[in-house]
Amino acid sequence: MIRKPKKPLSNLYFLVIFSFFVPLAGFFVYATRNPAAYFFLGLALLADIFLLVAFHRRLQKKQSHIALLKEEYFERANLLKVELQHEWETIASLRLKIINYAQLKDLTEKLSLSLSLEDTSSTLSAEVSKLFGHKDVTVILYLFHSTIGELGISASQKGQMQVNLKAKKGDIFDHFVVKTLNPLLVEDVQTDFRFDMDKMDGEDKRPIRSLISTPLIVGEKILGILRVDSAVAHQFTTDDLRFLRTISDLTSIAIENAQLYERLETMAINDGLTGLYLRRHMLERLAEEISREMRRGRELSFLMMDLDRFKKYNDTFGHMAGDIVLKTMAQLLEENFRNPGDLVCRYGGEEFCVILPDCPKAKAVQLANEFRKKMEIREIILRRQKTHVTVSIGVAAFPRDARTKDDLIFKADEALYQAKESGRNKVCAA
């Protein structure tokens, strides 16, 4: 507030009194020498007193008017100061919003360049951590697993560092957001009556005092939760929550696109019936593995296999039964070839193949025979009838039998043809 300056009118008042009493003093001196002048001295004194009283009253009115004008002035000055302060706050708020929206533009551009879900999640957590970089916060992105329908951590970051959290499926705050589908602001977890902190026992023991969290929603579908928390109480405001909600609205579409992209990518390299990799992906991996084995000077084996008399099963039991046989074959392949680097593929129709990196040819023949025997005794029920299926396998090795990818496949296919011509349910090596 503006203070009122204190400037009394005592100087002017003294000057007026002085101008009245100087002539009166002259009359007094004169009257002491001339007694007849006392009458005029008294008249002069009465006149001076009357004039002084009149002047004093006028001066008081003038001072009251001036004081009133001062009060109005200071009142207007204080109102102008308040308005000016409000204008500065508005300007500061607009400047912050401009900065935030510029950062949101950068975030949107970076997310548009991220196709995979992993890249989208890491980009989102890193950029949100930057947006709230003026505060000591942890950013967590939870996404729903499509298979089990539960929350799971997709990304978590504090500053420039990744954070390993124990509450992999979220805590009571995350479950609250999922249940209500509303944004959440907790200024202090110790005084918020909505949550029982005793239920946090056994969950994440990070020091959490305040947090903001928003659901990631596209249409009526919830994709996950974006959460920012801090070990300091009252770290977040409603403006922070509003800003995080804007981020969530922008990023929900990017996350859904990344999930759709991964689904399409999976469909492009995985067989829809058996779930095994398709031939195109196998050819890419085989070229990579051959290059790697060449650098290491080690041996790689390749198995080509075919179900014996598969057409008979389709003709006897129908194509649905044929699908059951193919699925059984794929399941048994995945159970038997599980070493790091092993790749099982559906080559086409009833043909399958397996890449065995760092595996000598003799070992590959042994593994192929073990699988052939397991397949032979595997019981399959087709239309309530118990039946068995056999498989023929051809084995070739790099660089012993071939020097290129195509030549390796050709040698394995020749060995498979030899196994079929010699009676089926056999393993032949190139």
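This is a predicted model: local features need pLDDT of at least 70, side-chain atom pairs count only at pLDDT 80 or more; totals for chains, interfaces and linings use all residues.
Colleague: In which sense do β4 and β5 pair, and over how many bridges?
Modeller: Strands of a sheet pair through backbone hydrogen bonds, either parallel or antiparallel. For β4 and β5 the sense is antiparallel, and the number of bridges is 3.

Colleague: Which strands stand at the edges of the sheet?
Modeller: The sheet is open and has 6 strands, in the order β3-β2-β1-β6-β5-β4. A strand with a single partner has one side left without a neighbour in the sheet, so the edges belong to β3 (161-162) and β4 (184-186).

Colleague: What angle does helix α5 make with β5?
Modeller: Helix α5, residues 238-269, packs on the sheet and touches β1, β4, β5 and β6. Its direction and that of β5 make an angle of about 35 degrees.

Colleague: At what angle does helix α4 run to β6?
Modeller: Helix α4 (residues 172-180) lies across β1, β2, β4, β5 and β6. Relative to β6 (221-230), the angle is about 145 degrees.

Colleague: Which residue's backbone oxygen lies 3.0 Å from a polar atom of the Ser125 side chain?
Modeller: Ser125 is a residue of helix α3. The backbone oxygen at 3.0 Å from its side-chain polar atom belongs to Ser122.

Note on methods:
Residues are numbered from 1 along each chain as its sequence is written. Side-chain values use heavy atoms; hydrogens and water are left out. Two strands pair if DSSP finds at least two bridges between them. Helices (H or I, at least four residues) and strands (E, at least two) are DSSP runs, numbered from the N terminus. Contact means heavy atoms within 4.5 Å. Axes are lines fitted to C-alpha atoms, for helices over the stretch in contact, and angles run from 0 to 180 degrees between N-to-C directions. A polar contact is a pair of N or O atoms within 3.5 Å; within protein, one must be able to donate a hydrogen and the other to accept it, and residues adjacent in sequence count only if both atoms are side-chain atoms.
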